[in-house]
Amino acid sequence: MLKIENLQVADILYGIDLEVQPGEVHALLGPNGSGKSTLGRTLLGDPSYDVSDGTISFQGEDMLELEPDERAQKGFFLSFQAPPELDGVSAKDLLFAAKKSITGEKLPSFKFKKELTARLESLHLNADFVDREMNKGASGGERIKMEMASLLTLEPTLAFLDEIDSGVDVDAIKAIIEGVKDFLKDKSKSLILVSHTDKLLKQIQPTHVHILSAGKIVASGGPELIDEVHEHGFAKWVKSSSLNVLS
């Protein structure tokens with residue numbers, strides 16, 4: 001589904017290699033500033049990040065040749081750590097337009113609003129968020145919940161969730177976990193997950209775990225890496241990756 005080879009982003013990422021197959025869940029772990037969010041935004045096509053070398057293939061297409069909206073239409077979704085406010089655009093109108101753009105189908109607006117309202121309530125968001133300007137006046141936790149609602153509404157093929165569990169309450173984390181599990185019931189879908197929360201990682205049970213440090217993937221393995229990180233931290237990987245960058 002996704003194949004990244006020798007991806008380099010100026011002064012941030014140094015030769016990332018990663019393959020994601022349908023039905024896989026890849027967890028990205030690493031200290032702050034290691035490049036996890038940069039990888040997600042590069043996959044989206046954020047022009048702030050200059051790809052200096054490497055390739056990204058998504059479902060057989062050259063992802064670097066696609067604009068961000070085209071990548072979304074192909075089935076890629078990125079959640080943001082700090083989702084922005086959108087003046088004058090309601091959550092309902094934004095997601096309705098996005099869904100229509102992705103599917104190319106005519107959607108009954110009344111049915112769409114009803115389903116979105118139910119989804120927001122399951123994530124412990126008030127129903128009035130449907131008609132409010134997107135993220136206007138929302139707390140950090142509420143914005144994260146709206147990102148999760150967007151994921152479940154747009155139903156992408158590959159989702160990159162960047163600390164989707166950050167700043168939300170216990171009930172919302174439970175709802176997010178259930179939402180992610182629902183998303184993954186379709187074995188044709190895949191997930192790249194960035195999280196510092198042991199509870200979320202244990203519940204989702206990644207098939208692959210990667211540790212990023214200083215812009216490089218310095219270790220890959222299975223869920224046992226999660227236990228090792230939570231017991232000992234990133235110290236040994238941070239040290240080794242720093243030496244590699246300096247050399």
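Let's start with Glu228, which is partly exposed at a relative accessible area of 26% (buried means under 20%, exposed over 50% and partly exposed in between, with a 1.4 Å probe and protein chains only). This is a predicted model, where local features need pLDDT of at least 70, side-chain atom pairs count only at pLDDT 80 or more, and totals for chains, interfaces and linings use all residues. Residues are numbered from 1 along each chain as its sequence is written, and side-chain values use heavy atoms, leaving out hydrogens and water.

**Salt bridges**

- The whole structure holds 13 salt bridges (a side-chain nitrogen of Lys or Arg within 4 Å of a carboxyl oxygen of Asp or Glu).
- Glu228 pairs with Lys236, their closest N and O atoms being 2.7 Å apart.
- Asp87 and Lys136 form a salt bridge (2.7 Å, N to O).
- Asp87 sits in the loop between strand S6 (76-78) and helix H3 (91-103), and Lys136 in the loop between helix H4 (109-122) and helix H5 (140-154), so the pair ties together parts 49 residues apart in sequence (helices, H or I of at least four residues, and strands, E of at least two, are DSSP runs numbered from the N terminus).
- Asp87 is exposed at 56%, while Lys136 is partly exposed at 33%.
- A salt-bridge network links Glu85, Asp87, Lys136 and Arg143.

**Strand S9 and its partners**

- In strand S9 (residues 208-213), 5 of the 6 residues are buried, so the strand is largely enclosed by the rest of the structure.
- Strand S3 (residues 25-29) runs parallel to S9, joined by 4 bridges (strands pair if DSSP finds at least two bridges between them); Leu28 has His210 as its bridge partner.
- S9 pairs antiparallel with strand S10 (residues 216-221) over 5 bridges, and Leu212 partners Ile217.
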